[in-house]
Amino acid sequence: NSTETARQTECAEQQCSEAQTSHLERRVKELQEQLQQASKPVDEMALLKQQNETQMKELAKLDVEKAELEKKLKALEVEHQKAQERCSSTEGKIQTTSNTSRRLVQFLQKLKEDVSQMQAAHRQLREEPLNALMDVFPPLTGAVQKMCQGMSNMLDRYQEVAQEKKKLHNMVLELKGNIRVFVRVRPMGDKEKAAETAGEVTITFAEEGKVSVYDTNQQRRKWFDFDKAFQPNSTQQEVFEEVKPLATSVLDGYNVCIFAYGQTGSGKTFTMTGSDANPGLNTRVLRELFQIRDHRKEEVEISISLSVSEIYNEMIKDLFNPDSAKTKKLDVKQNSDGTNSVPGLTERQVNSVEEVLKYMKEAQSNRTVMATDMNDESSRSHSIVQVKTTNVNRKDKTQYLGKINLIDLAGSENVNKSGVQGQGMREAQNINKSLLALGDVVASLQSKSGHVSYRNSKLTMMLKDSLGGDSKTMMIVQCSPAQSNVTETTSSLTFASKARNVELGKATRNVKAGEAV
């Protein structure tokens, strides 16, 4: 029994020990959980402290950037002040120049009026029986002679002043290198005459280079000022005589560019190409070059080469070898001297006017045209006639290397008016896209932007060394006289006005020194 009692006592003690152990384990676990709960605020404090330090660093960095920006702002404010001062100075100079020009115009106008009055008085006196009056009043003879002499002197003086003004104007353009701009208005067609509304004339002219456009919808007239304005009755020869001095300077070693711009059907191809019976600038310029060559043949040896291409749907096509487009792709490349060329383009030596006429006719027959509602033979491409000349002095062998680009641009096209579809629609889109790129280039040049996007179109790439290089450049803007085309006409003249303000700098001659014989 005592053994059994001892075993029971031992079991009871063991159970009591296990209960105490279990209680202690639970207590330890509770204490551990409490310890973990107590350590959490410490970790959060450490995290917040770390975030606070990061934010302080970022704040310090922002303070530094703020100080730099304030410094830059102050520099910009100083530059802005200087720019305002320069602008004020320029405006003053412009105002002075404008006042001088206005006084000169007023003087010329008064002189013109005086001449008109003198001419009217002269006609009136000539119609009266002067002989009888002079017999009765001898002093009248001297007075009439004096009046006639005064009128003649005044007329001569007016012509001298007009010539001097034109000479000075051309001299300023030569020094600045401005793009010279002529405007030519074609005659009105029969359909346009029938549709023309009564009222004010759409296009009027004043002096030598002023032209105005009246918009019936807006009820206002807008004036433009160019270097020369040709009225609808102007002839091909009259246009050529004004262009000739610039075009023939190619023989003196200059790069020259003459291009026609305007809406479709405005007469660009007529001015540049013309017809067999009434040729345009392309043929007349080449004829003049050959006449000068023959006239100077004792002193110099002149060689002339010709290439003709077109830009059709952003592809360059050789009009002397139109099938070559199937086997090789022509592209514009920039030469080491900054000029542009088209490697692989056919270049033919020409030795006579007859050869010129033959080759020009061949090239024109290969140009892409189609009939539209605006034009029976609408050019669907930009045509580029390039003439290169080499002028060698027979004595000292000095060479003068010249190049002239004669460009007939495809017309800007309103597809709602021209009625083109399918392939014609695609052609119109490419034409308008390239002309838009040309507009962007002119705008950049006018604003003297550091970057000019010549590469946006094949056309502007071809024109790069004419618009942005060392070249004498002339633009002939063609216009319709009809009210139905007044929007396009105003747009063309506005673009031409911007082009006239582009300064390319004075052109230099391309000369290679030779050795005297």
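View 1. Start with strand E15, residues 399-408: 8 of its 10 residues are buried, so the rest of the structure largely encloses it. Buried here means under 20% relative accessible area, with exposed being over 50% and partly exposed in between, using a 1.4 Å probe and protein chains only. Strands (E, at least two residues) and helices (H or I, at least four) are DSSP runs, numbered from the N terminus. This is a predicted model, in which local features need pLDDT of at least 70, side-chain atom pairs count only at pLDDT 80 or more, and totals for chains, interfaces and linings use all residues. Residues are numbered from 1 along each chain as its sequence is written, and side-chain values use heavy atoms, with hydrogens and water left out.

Now for the neighbours of E15. Two strands pair if DSSP finds at least two bridges between them. E6 pairs with E15 in the parallel sense, over 6 bridges, and there cysteine 257 faces asparagine 405 of E15. Strand E14 (residues 382-393) pairs with E15 in the antiparallel sense, over 10 bridges. In that pairing, serine 383 is found opposite aspartate 408 in E15. Strand E17 (residues 511-512) runs antiparallel to E15 and is joined to it by 2 bridges; look for tyrosine 400, whose bridge partner in E17 is valine 511.

**View 2. The turn between E14 and E15.** These two strands make a hairpin with 5 residues between them. Zoom in on lysine 397 in this hairpin, which takes a positive phi near 65°.

**View 3. The largest nonpolar core.** A nonpolar core is a set of buried Ala, Val, Leu, Ile, Met, Phe, Trp, Tyr and Cys residues joined through side-chain atoms within 4.5 Å. The largest one here has 46 residues, and Tyr261, Leu438, Met475 and Val477 touch the most other members. At least two residues come from each of E1, strand E3 (210-215), strand E6 (255-261), helix H10 (423-446), helix H11 (458-462), strand E16 (472-479) and helix H13 (486-500). H10 gives the largest share, 6 residues. Another core, of 39 residues, lies apart from this one and includes Leu281, Leu286, Val387 and Ala507. As background, nonpolar side chains tend to be buried together in soluble globular proteins.

**View 4. Around tyrosine 261.** Contact means heavy atoms within 4.5 Å. Leaving out residues up to four places away in sequence, tyrosine 261 touches Lys268, Leu409, Leu435, Leu438, Met475, Ile476, Val477, Gln478, Ser492 and Phe495.

View 5. Rings of Phe, Tyr and Trp (its six-membered ring) pair if their centres lie within 6.5 Å; planes under 30 degrees apart count as stacked, over 60 as edge-to-face and the rest as tilted. The whole structure has 4 aromatic pairs. One of them is phenylalanine 182 with phenylalanine 230, an edge-to-face pair with 5.8 Å centre to centre and 70° between the planes. Phenylalanine 182 lies in strand E1 (residues 180-185) and phenylalanine 230 in strand E5 (residues 228-230), so this pair ties together parts 48 residues apart in sequence. Phenylalanine 182 counts as buried, at 5% relative accessibility, and phenylalanine 230 is buried at 5% too.

**View 6. Charges over rings.** A charge sits over a ring if NZ of Lys or CZ of Arg is within 6 Å of the ring centre and within 35 degrees of the ring normal. Lysine 228 has its charged end over the ring of phenylalanine 230, 5.9 Å from the centre. For tyrosine 359, look at arginine 348, which lies over the ring face at 4.7 Å from the ring centre.

View 7. E3 and E4 pair over 6 bridges in the antiparallel sense, and tyrosine 214 has arginine 221 of E4 as its bridge partner. Phenylalanine 224 belongs to strand E4 (residues 220-225) and, at 6% relative accessibility, counts as buried. Its contacts, not counting residues up to four places away in sequence, are Gly209, Lys210, Val211, Val213, Thr490, Leu493, Thr494 and Ser497. Phenylalanine 224 and threonine 490 are 266 residues apart in sequence but 9.6 Å apart in space, C-alpha to C-alpha.
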